[in-house]
Amino acid sequence: MCATTSCSMKTYRAVRGTRDILPDEAPRWQLVEATVREHLHRYGFREIRTPVLEATELFARGVGGSTDIVRKEMYTFAAGEESVTLRPENTASVVRAFVEHSLHRTATQEYPERLYYIGPMFRHERPQKGRQRQFHQIGVEVLGSAAPLADAETLQMLWSWLGRLQIAGLQLVLNSVGDETCRPAFREALRAWLAPRLPQLCADCNRRYAENPLRVFDCKVEADRALLAEAPTLLDLLCGPCRAHFQAVQDLLRGFDLPFAVDARMVRGLDYYQRTVFEVTSSALGAQNAVLGGGRYDGLVEELGGPAVPGFGFALGIERLLLLLPEGQGAAPPLDVAVIALGPEGFAAAIGLTRRLREGGVSALMPLAERPLGAQIKRAERQGARFALFVGKDEVAEGRYGLKDLQTGEQRPAAFEEVLGAVTGRIHVG
Ligand code: HAM
């Protein structure tokens, strides 16, 4: 401890790329979380909570060893004999839990397991607007159905929730990345196209060419991107079943009146996708314009040691969504009653009254030490209190307190039960 006031105590800041969500911001988070929970319930989704720490190998296998996430962005450390990683995403973890707890026993094609999660993810990326090292996702995973309706219904659920939040200016962009039937031929076609252009491409792309050529589309180098805009696309080479699936998804989306665009060059930064992939973007977000992304991952459950169970899902970045949420959405709920304690008798009685109000289901605050009347009124206004309850010597003697409606300005004496009734809306004041 510092002995004098002049010595400088070391202070600490949040780790780069992480941030505090302060009480004034929390109501917007709560609004997003509460509406999505309620909305997902309508569609039969159930919550799953998996650990933030997983075995490193899970992501290397699940997300893919050649992805940027696994190659450079994971927070990995040794814990005893084990190598563990702070989850960079949650699909691999959910699938791990799905297999570990045999949830596939009850998931069918007709009635798949619909799961959702809300929580922090960690990626060691360069922080910028809309990009943190600890960020939060709301994600859903539908496990068990390969039907195009699983894709379309999940997207419809998503779109209607974004509509409820009044988020405007969003674009849904869709593509198909094929499956293990059509992708090998595409990989070779892409390699053949890339081979003569390798000297023009960056070192990373040269590595990708050898390891997994589809990953060249992750390249951030401007000159490479311009060149790659001319590369062949998988959409032209889709096999029959993948083509039919993609067509069916689009038809269903049109049936749901859901606007979308197809971008034949969209790939996603994770290896597990098959067939449908999509992103929802907003031009209001700047460089990090994807609010969410997802797709179908029919081989992942098997890849992680489970049976052949198809999957479809997406994850949304809460921080990015909040940048788009209209001002005024998600205001803090107002305080019901500011208890104004007057004099020592009033203060003593106010303690018990405040407790009884809270037990009656009402939010109530009083100062923890006696304060002048003016200071208490100011505080009540700052807290946006709906009512003030004046408790002084006379009120205590009468058993009736001064209940003031701070919206209308009306005030009247009221016994405790009347106060409770008025505040909870059962009785009107005045
Ligand atoms: P993802 O595209 O890597 O997909 O991430 C989904 C969303 O998380 C992004 O669209 C973005 O909003 C947000 N996000 C990602 N990285 C950051 C970051 N560094 N800072 C802020 N927000 C970020 C997945 O994670 C897949 N697991 C989605 C999925 C679920 N696919 C199937 N099921």
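R265 sits in the loop between β8 (261-262) and β9 (276-282); helices (H or I, at least four residues) and strands (E, at least two) are DSSP runs, numbered from the N terminus. This is a predicted model, in which local features need pLDDT of at least 70, side-chain atom pairs count only at pLDDT 80 or more, and totals for chains, interfaces and linings use all residues. Residues are numbered from 1 along each chain as its sequence is written, and side-chain values use heavy atoms, with hydrogens and water left out.

**R265**
- R265 counts as partly exposed because its relative accessibility is 33% (buried means under 20% relative accessible area, exposed over 50%, partly exposed in between; 1.4 Å probe, protein chains only).
- Leaving aside residues up to four places away in sequence, R265 touches N175, L228, A229, E230, A231, P232 and T233 (contact means heavy atoms within 4.5 Å).
- A polar atom of the R265 side chain lies 2.6 Å from the backbone oxygen of A231 (a polar contact is a pair of N or O atoms within 3.5 Å; within protein, one must be able to donate a hydrogen and the other to accept it, and residues adjacent in sequence count only if both atoms are side-chain atoms).
- V177 is 88 residues from R265 along the chain, and their C-alpha atoms are separated by 9.3 Å.

**Ligand shell**
- There are 26 residues around the ligand, of which E89, E125, Q132, E141 and Y273 come nearest (a residue is near a molecule if one of its heavy atoms lies within 4 Å of it).
- β6 (134-143), β10 (290-296) and β11 (311-317) each supply at least two residues of this shell, and β10 gives the most, with 5 residues.
- A polar backbone atom of V291 is 2.9 Å from an oxygen atom of the ligand.
- A nitrogen atom of the ligand lies 3.3 Å from a backbone N or O atom of F314.
- The protein covers 96% of the 650 Å² of accessible area that the ligand has on its own (Shrake-Rupley method, 1.4 Å probe).

**Domains**
- The protein is divided into domain 1 (26-176 + 259-324) and domain 2 (337-423), with bounds from an automatic or database domain assignment.
- The C-alpha centres of domain 1 and domain 2 are 48 Å apart.

**Positive phi**
- Most residues other than glycine have a negative phi.
- Q166, not a glycine, has a positive phi of about 60° and is found in the loop between α5 (148-164) and β7 (170-176).
- D257, also not a glycine, has a positive phi of about 60° and is found in the loop between α9 (240-255) and β8.
- Q166 counts as exposed because its relative accessibility is 54%; D257 counts as exposed at 67%.
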